[in-house]
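Look over the sequence and the model first.

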Amino acid sequence: MFRHWNQIWRLFLLQNSRNEKTLDGLGLLHVLAPRFPGWATDAEALEDLVRRHGGYFNANPVLASYIAGVVTNLEQRRRDGEEVTPERVERVKNALAAVLTARGDYFFEVILLPLGLTIGSIFAIHSSYIGPVLFLALYNLYHLRTRIGGYLIGVRLGEGLGRELVSHLFREQRLLGGCAAFCSGAFAAIVFSRAHALGGPRSAGWGVAVALAMVLLSRRVSFLAAVTILFLATAAFLLI
């Protein structure tokens, strides 16, 4: 692990050079650059490495660690004399980026973050500071495990990690998705009961209307219907 530390800490800065032309290409180049002197046999080979890995690159910033590890594996094998062509490296890199971008965005932004924030909000309702601690612990468990461990797994397995990784993420996604649904239900029940206790039936009724509007928006049934429900509920809450 320690001999890869120069690449691992750079993975946390992957998006610092994001731009319209290459997106995270410069960030990936910064991650891989310390290994270039060992991969390039001459100035021309070094220029080719910079050109290929400094081009367009777009992937989920957390799961990009796996891709950087796989690229490191392939380039090292190419340096050792195996028949690994530059085209093969680019093909594997682009294929993994396409798959892991969708998987990573959904896993971290649609499941993990809402789950952690919901848990934190439940504790916040009861004036407890445990919620933020649990949120940070849950998120960073997956974040750091993926940033650091993902790179090391990519270096070890190379392009063979694809199927195993997607299968592993799917299992984790189903488990955390179930936990998120349970926590969301518990949070809604707590909010409605608190609203009823503090503001009476009209507060609870307004909360139900908001929840119904959110369901309509999530299912893309009708944006106009959702806005109408929110308007009527707010008017009733303020006037009754």
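## Ground rules for burial

A residue counts as buried when its relative accessible area is under 20%, and as exposed when that area is over 50%. Partly exposed covers the range in between. The model is predicted.

## Cysteines

How many disulfides does a search of the whole structure find? The search finds zero. A disulfide needs two cysteine sulfur atoms within 2.5 Å. The sulfur of Cys179 has its closest cysteine sulfur in Cys183, 6.5 Å away, which is too far for a bond. Cys183 is likewise in no disulfide, the sulfur of Cys179 being the nearest to its own.

Are these two cysteines buried or exposed? Cys183 has 13% relative accessibility, so this residue counts as buried. Cys179 has 33% relative accessibility and therefore counts as partly exposed.

## Salt bridges: the count

Side chains of opposite charge can pair when their charged atoms come close. The whole structure holds eight salt bridges.

## A pair within one helix

Arg51 forms a salt bridge with Asp48. Their closest N and O atoms are 2.4 Å apart. Both residues sit in helix H4 (residues 43–53). They are three residues apart there, so about one helical turn separates them. Arg51 is exposed, with a relative accessible area of 55%.

Which residues are linked in a network of salt bridges? The members are Asp48, Arg51, Arg52, Glu75, Glu90 and Lys93.

## A pair between two helices

Arg145 and Glu172 meet through their side chains in a salt bridge, at 3.8 Å from N to O. Arg145 lies in helix H7 (residues 130–157), and Glu172 lies in helix H8 (residues 162–199). The pair therefore ties together parts that are 27 residues apart in sequence.

The two partners fall into separate accessibility classes. Glu172 counts as buried, at 15% relative accessibility. Arg145 is partly exposed, with a relative accessible area of 40%.

## A further pair

Glu82 and Arg77 also form a salt bridge through their side chains. The N to O distance is 3.1 Å. Glu82 has 42% relative accessibility and counts as partly exposed. Arg77 is partly exposed too, with a relative accessible area of 22%.

Terms used: Residues are numbered from 1 along each chain as its sequence is written. This is a predicted model: local features need pLDDT of at least 70, side-chain atom pairs count only at pLDDT 80 or more; totals for chains, interfaces and linings use all residues. Side-chain values use heavy atoms; hydrogens and water are left out. Buried means under 20% relative accessible area, exposed over 50%, partly exposed in between (1.4 Å probe, protein chains only). A salt bridge is a side-chain nitrogen of Lys or Arg within 4 Å of a carboxyl oxygen of Asp or Glu. Helices (H or I, at least four residues) and strands (E, at least two) are DSSP runs, numbered from the N terminus.
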